[in-house]
Structures are given as structure tokens and as C-alpha cells.
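This briefing is for a reader who has not seen the structure before. It covers sheets, helices and nonpolar cores, in that order.

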Amino acid sequence: MIDVTALTKTYGAHRAVDDLTFTARPGRVTGFLGPNGAGKSTAMRMMVGLTPPTSGTATVCGRRFADLPNPPREVGVLLDASAQHAGRTGREILTIAARTIGLPISRVGESLEQVSLTATEADRRVRHYSLGMRQRLGIAAALIGDPDVLILDEPANGLDPAGIRWMRDVLRGFSQRGGTVLLSSHLLGEIEVVADDIVVIGHGRIVAQGTKAELLAGAGTFVVPADPADAATLVRACTDAGVEVVRDSDGGLRVEAEAPAVGRLAHRADVPLAQLRAADGAGLEEMFLQLTADTQRETPAPLRGAAA
Amino acid sequence: MSTTLTPAPAAPTGTPARAPRTDLTRPPFGRLVRVEARKTFDTRAGLWLSASIVVLAVLATGAVIAFAPDEALTYEQFASAIGIPMAVILPMLAILSITSEWSQRSGLATFTMVPSRGRVIAAKAVVSLLVGVVSMVVALGVGALGTLVGSLLTGLDPVWDVSPSEFASLGVANLLGMAVGFMLGVLLRSSPAAIVGYFVFTFVVPTLSMTLAAFQDRWADAQPWADFGYAQTALFDGWPDGEQWAQLGVSSLPWLVLPMLVGLWLVTRSEVK
């Protein structure tokens, strides 16, 4: 369980993190999504006590991180996979962690196995690791204390598709055993495949949060008439029904309603359809793109179907 | 956020969701010291820096035997030849033990594993102290060996002309050098800055102070009490007397104690990125 309340960090006049409040719950993967520079890393550093907050609080397992007696036994943290002494081997880095935490050295081999790093790789110096290997090592270090909570900053960065799938399975499994996972990413796709809950942050502020289902439901339905000439008819039918509709560039329509309702509308309007499906994350993606592009906006774009 | 969590069904491995842990204790200080000691030697840089103390001691001893005139092969000759490289390397070790956490960014992991940074820094201080003491004992041994080998080669009796109190004061001088390194480490938290700072501190500042003293009587009078480097020179002429200790203590306040306190405060407060 991670509880963040009104967390704020200012650097001079710049508000890097602005009044952040959310909860990451046990048994769920919470995705922390935002463009680069949105304040994700600063917020995460505040959660683990590396950066003193200007105001607000963050607790992990019910306590301030700094008050945890032996943090790695409760919270696994990976903030930057490259932040390791390049001259140490992967095995040595895990050994230092195990010794610090007070774990038997056998845990080193176990956690190497958990992240599929071979013995040969483990004995190489981190300087020679690819970013993907560093991420695996970082995950191993986070998991070594067998924690209840994971806080991971951009853990999928540098992983190949197989690695991303592996990461997703690791985090899924961890949360299914009752663990809490908070992971950040600047890529919607990465968050989408693994998160149960999503917190979207832009310019230090939360612009949307909710379950993935809620946020994606806001995306509406994507529909393509069998005959392109029918598009106008369908648009009219939707507007007459008071349903918002947007024309796509390639002949499709995005309708702000559930698929069955759109199907019925099309049927009544006598428009045969070539496609009818939930518009996958387009709403979230659109909001996210807007967030990335629009740096001037003070008030965040309202997100359909989600409590911001 | 509308979903309240029902405890997830047990995964195939069968580990149930856990209750908050109450059995955890913070890592004992001795463990932190052992971990920091390990970190001092587990990189090539750290290992060679430490090994270089021994290597340079042996080289210096060899050089004294090879180049010094026979009657100069006294223990003091060996001790001072070995002491010079040591006086440079030991503070570097102290500096790097602190600054590598920032320069190599390993502090991100170190200070999330042990959030009470003061305890980590204290463990590092203990390790630096131990490394300093052990190196000096090793240097003593190498110097003694050199004296014996020298006397064997020249046929003259070995000359043991360094008293225990002289050893002790040289030891204090070396430990003070390490303390200065440590202070610059916590104050600057950057390897290159602290190393440059150390050389400025030990070579540039004393020269400036001497020059100033030559032209300004008031500084010349104040120098023993205000110039830390100057006060330390007493340590190289045998065991200091009471006034010299007082001068060391007073001059260390602005040059060592105060910046150390500021540095320690910064270390515990600053952002680790």
C-alpha cells in the first residue's frame, strides 16, 4: 500500500510535483503515466525519502519510508537501473544488498534466477551490461528482500518485447500474491498492458486517475460503415441521439457510447457496418498526446468517464 | 479507483497476502561497517587504491635502499619515504568512500536500503579509520623490514631512530588528512571536486598562508591558531606540547570541524538523484 497525500515539490518557482494525491493498493498494479519531465521520478524519489518534499506526505506500508526499520524487506525500489557502480559485478551488487538487509547469500542466486540472469552475466561488471540487463538486475535487487510493495521508475525502458512481456508477468504475479506495484512510464502502451489502475500526471499534477477499465471506457466505440457514403448518415443518427461523434481520417467514426448502443443506432439508421469495436485507449492516448504537446495548459483537459 | 480490492486469490505458488511485518529490525551498525568495508575493496579502483599503499610502501623502501647513502639507511628515512605516498592516498580513499555514492550514483540504492544516511556515513568513517590504521601498521612493518634489509646490505647496525611518540603523532597527522578528505567528501559530494579541493587545501592554502604571513604581521601572529595546515606541522616534529595541541584544536574549527558539520547536514538533507 502506498499512500500519497498532497505531495508537493518546488524548485524555486518551478512546481515539479504539485499536490499529488493517490493510493496504490495491494493486489493491484498501479501505472504512473506521464510524459518526460512530468514529475514522476521526483514524486517517486519523495516516496522513498531520497528527496525531501516541500509539503505533503507519502507513506509506504503505513509508514514514512525513512521510518521503515529495514525498507528492502517491505519495499523493493528501482529508480534508475544505471545508478550503480559500473565497476561492480551484478552478483556483487546483489551481495551488497543481501548483506545490508541481513539476508543469507543464497538469496543472491535465487533473485538472479528470478530475473533470468545467467551466472556468466552475473559475474560481468555492470559497465558491460545492456540497459535491459541493468533493468533485470535492478528488478532482482528490488525483489531480493521479498517485499510487499514495488516502486519502479521506468522499469520497461530498454527492454526488448520479450523482456517487456517478462516484466509484465513478474509484476502480474507479484500483485496476484497480494503485492502492491507502482510503476512509472512515459509510454501509454507499457502501462496499458500491465496496470490495473492508472494515475496520469502532467506538469506535476494529476490529470486523470482511475481503473484502467474506467479510463479506457472513456474512449468510446470505433465504427466503420460498410459503405463510406453512409458515414454522414451515421453521424447524423448519433448527433440526433445526443451522442458525441468524431470522424476519423480514414473513414471510421469514434462514437462516445458503448458498442451495443452504437450497433443499435446504426441498425435504426439502416447503416451496415464493416467494423464495430471498443476504441482501444484512444481517449487516453489523445489526452496523453495533448498533455505532451500542450505545455501551456494550466487546467488539465477533462477526461471522459474518469474522476480526475 | 472505484474498485475495492478483494484479496487476490492465492497464486500458484501459494503465497498468501501478508500482514504488515512487525519482526523487522534496522540493520545493526556493525553490519553497515562490514558492508561499507566490502564496498571499499570490491571495485578495481578501490582495490588498487588500497593495494597501492602497500605497493608504494615497498617501492619507496626499495628506492631508499637503492639511492640513499649507507649511513642514511635509518628507520626515520624509511618511515618518511613511505609516509609521503600514504599521506596522499589515504585521504583519497576517504574522499572516494563518500563521493562514489554520488559520482557513481550508487547512493540511490544505498540510501533507499538504509534511509538513515547518518549511520551509513558513520560506517564509512569507521571503515576509513580502520583502513588508515591498518595501512600505517603495514607501513611500519615495511619500513622496519627496509631498515633490516638495509643494515644487512651495508653491514651497519640498524638505526631505530623513530620513537613511539613520533609514530603516534605521524599517525594523528595521517588521520587528520583522512578527516579532511572525509570533510571535503561530505561537503562537495563529487569525486573530482573533492580531490581537487584536497590538493588546494593541502598545497595551495598553506602556500598562500605563508606568503600572507610574510607580508602581514597580524596574520603571522595569528597563523599558529588560525592556519590548520601550519598547526599540523607540529605533528612532524615529535609529540606536540599542550599549546600546539590547543593550536591544532582551535585552527581545526574553521578548517575541519565547521565544514564537516555543514557537510554532514547537507548529506542528510540533500536530494539523492
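An open sheet of chain A has four strands in the order β12-β13-β11-β14, with antiparallel pairing; strands pair if DSSP finds at least two bridges between them. This is a predicted model, in which local features need pLDDT of at least 70 and side-chain atom pairs count only at pLDDT 80 or more, while totals for chains, interfaces and linings use all residues. Residues are numbered from 1 along each chain as its sequence is written, and chains are lettered from A and ligands numbered from 1 in the order in which they are written. Helices (H or I, at least four residues) and strands (E, at least two) are DSSP runs, numbered from the N terminus.

- Three bridges join β12(A) and β13(A) in the antiparallel sense, and A:Val246 has A:Arg254 in β13(A) as its bridge partner.
- α9(A) packs on this sheet, touching β11, β12 and β13 of chain A, and its direction makes about 160° with that of β12(A).
- α10(A) lies across β11, β13 and β14 of chain A, at about 155° to β14(A).

**Helix α9 of chain A**
- Within α9 (residues 231-240), A:Leu234, A:Ala237 and A:Cys238 are buried. A residue is buried if 20 or more other C-beta atoms lie within 10 Å of its own, exposed if 12 or fewer, and partly exposed in between, with C-beta atoms placed from the backbone.
- These residues are on the same side of α9(A) because they cover an arc of only 100° around the axis, the arc being that of the directions from the helix axis to the C-beta atoms.
- A:Ala232, A:Arg236, A:Thr239 and A:Asp240 are exposed on the other side of α9(A).
- After α9(A) comes A:Gly242, with a positive phi near 75°.

**The six-stranded sheet**
- A further open sheet has six strands in the order β6-β7-β8-β3-β9-β10 (chain A), and its pairing is mixed.
- β6 (75-78) and β10 (205-211) of chain A are the edge strands, each pairing on one side only.
- From one strand to the next, the twist averages 15°.
- β9 (residues 197-202) of chain A pairs with β10(A) in the antiparallel sense over six bridges, and A:Ile201 stands opposite A:Ile206 in β10(A).
- Helix α5 (residues 131-143) of chain A lies across β6 and β7 (149-152) of chain A, at about 160° to β6(A).

**Nonpolar cores**
- The largest nonpolar core has 125 residues, and A:Met47, A:Ala140, A:Ala141 and A:Ile151 have the most contacts inside it. Such a core is a set of buried Ala, Val, Leu, Ile, Met, Phe, Trp, Tyr and Cys residues joined through C-beta atoms within 7 Å.
- Helix α3 (residues 75-103) of chain B gives the most to this core, with eleven residues.
- A second, separate core of ten residues includes A:Leu234, A:Ala237, A:Val245 and A:Val255.

**A loop in chain B**
- B:Ala72 is found in the loop between α2 (44-67) and α3 of chain B.
- B:Ala72 has 13 other C-beta atoms within 10 Å and is therefore partly exposed.

Technical notes
Axes fitted to C-alpha atoms, helices over the stretch in contact; angles between N-to-C directions. Contact = placed C-beta atoms within 7 Å.
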